[in-house]
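Reader: Could you walk me through a structure, one feature at a time? I would like to learn how each kind of feature is read.

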Amino acid sequence: MKGVILSVCSEPLRIGTRSSLLAQTQTRWVANQLASLGIHAEIQVVETKGDIQRDMPITKIGGDGVFVRELEQALLNHRIDMAVHSMKDLPTTETPGLCIPCVPQRATPFDAFIGRVNPTLQELSPGAVVGTSSIRRVVQLKGFRKDLEIRPIRGNVDTRLKKLDSGEYDGLILAGAGLERLNLADRITQLLKPPFFAPAVAQGALAVQIREDDPMVRERVLAISHQATYESVLAERACLQTLAGGCLAPIAGWGRKDSDNTVSLDAWVFEDCGEKIVSIHASGIAELSNESPQDLGERIAVSLIDKGAESMLERIREPPIS
């Protein structure tokens with residue numbers, strides 16, 4: 001949508017972001033995209049609960065939304081005009097009064113392995129320590145290599161890489177998009193792609209969130225939205241919402257717009273049954289005539305439910321017996 005002439009706005013847009021280096025880097029990228037269209041924006045940092053309590057597992061802090069709630073409140077209170085989120089951090093249920101009209105072009109949706117000595121997961125020695133706190137990644141790792149030690153890790157990307165380089169870990173799994181955006185793609189030793197390793201729903205995509213009743217801001221942010229990314233992410237998130245899994249559940253999704261202008265979606269649900277890892281998969285292509293990306297996502301979710309996803313996710317939600 002380059003070259004679109006937008007109405008003049010004397011006041012700069014106030015863009016809210018989390019405090020992490022990655023979040024601020026992503027937000028600067030969005031601000032630069034707007035600046036290329038003559039839209040001035042100022043970045044305001046908003047501390048979120050997930051950023052403040054860095055040493056505690058996300059599930060103990062509050063689960064879904066720990067990286068977005070304070071930003072959403074700042075929007076509702078008119079402290080900021082828009083917020084930039086990693087789409088995978090956003091709950092699938094929209095907050096009343098807010099909407100996401102803009103999803104810029106996606107970076108790589110895949111996970112990445114960063115090996116300290118061994119460049120691939122296949123080459124790691126038995127007992128090697130791999131750092132990740134994602135349930136989805138943990139379950140897939142266990143299914144692939146039961147002989148690895150999987151150790152939780154939190155903190156920003158730089159902190160995690162320092163722990164790797166110091167020898168505390170033999171390898172890390174991180175989102176490839178984050179490494180790309182921080183100009184750290186050269187640290188990637190193996191890009192983990194489906195069907196070998198399935199990514200998080202909406203991984204690599206950004207969400208530009210605004211107030212629902214703010215047409216002026218909507219007009220401006222729509223200019224940097226990327227339709228193929230938008231439709232792919234809609235399908236992924238519709239699948240996740242239908243499964244009622246939440247962004248921390250071991251659910252994976254990969255949507256993309258194909259050369260014939262249709263949207264394809266692959267989705268997975270995983271369960272750690274102790275002795276083995278159960279994985280179910282469903283895929284489909286949107287019908288050209290009448291199926292929206294949301295319809296596709298819902299259809300794939302129903303297919304997963306028919307294969308047993310609902311009972312798998314129910315067992316995951318059950319509180320442990322004390």
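This is a predicted model: local features need pLDDT of at least 70, side-chain atom pairs count only at pLDDT 80 or more; totals for chains, interfaces and linings use all residues.

Reader: Which residues of α9 and α10 meet?

Author: On the α9 side they include Leu234, Ala235, Ala238 and Cys239, and on the α10 side Leu296, Gly297, Ile300 and Ala301 are among them.

Reader: Now the sheet, please. What is the order of its five strands?

Author: First the general idea: strands of a sheet pair through backbone hydrogen bonds, either parallel or antiparallel. This open sheet has mixed pairing, and its order reads β2-β1-β3-β10-β4. At the edges are β2 (41–45) and β4 (98–102), each pairing on one side only. On average, neighbouring strands of this sheet are turned by 35° against each other, direction ignored.

Reader: How many bridges join β1 to β3?

Author: Two, and these strands, β1 (residues 13–17) and β3 (residues 82–86), run parallel. Ile15 stands opposite Met82 in β3.

Reader: Which helices lie across strands of the sheet?

Author: Helix α1 (residues 21–35) lies across β1, β2, β3 and β10 (206–211), at about 155° to β1. Helix α8 (residues 215–222) lies across β1, β3, β4 and β10, and runs at about 30° to β4.

Reader: Let me zoom in on α1. Is Gln26 buried or exposed?

Author: Residues under 20% relative accessible area count as buried. Gln26, found in helix α1, has a relative accessible area of 4%, so Gln26 is buried. The side chains of Gln26 and Arg181 are joined by a polar contact of 3.2 Å. Leaving aside neighbours within four places in sequence, Gln26 is in contact with Ser86, Arg181 and Leu206.

Reader: And a loop residue: where is Thr108 placed?

Author: Thr108 sits in the loop between β4 and β5 (111–115). Thr108 counts as buried, because its relative accessibility is 12%. Its side chain reaches the backbone nitrogen of Phe110 at 3.4 Å. Beyond its neighbours within four places in sequence, Thr108 has contacts including Gly176, Glu180, Leu191 and Gln203.

Methods: Residues are numbered from 1 along each chain as its sequence is written. Side-chain values use heavy atoms; hydrogens and water are left out. Two strands pair if DSSP finds at least two bridges between them. Helices (H or I, at least four residues) and strands (E, at least two) are DSSP runs, numbered from the N terminus. Axes are lines fitted to C-alpha atoms, for helices over the stretch in contact, and angles run from 0 to 180 degrees between N-to-C directions. Contact means heavy atoms within 4.5 Å. Buried means under 20% relative accessible area, exposed over 50%, partly exposed in between (1.4 Å probe, protein chains only). A polar contact is a pair of N or O atoms within 3.5 Å; within protein, one must be able to donate a hydrogen and the other to accept it, and residues adjacent in sequence count only if both atoms are side-chain atoms.
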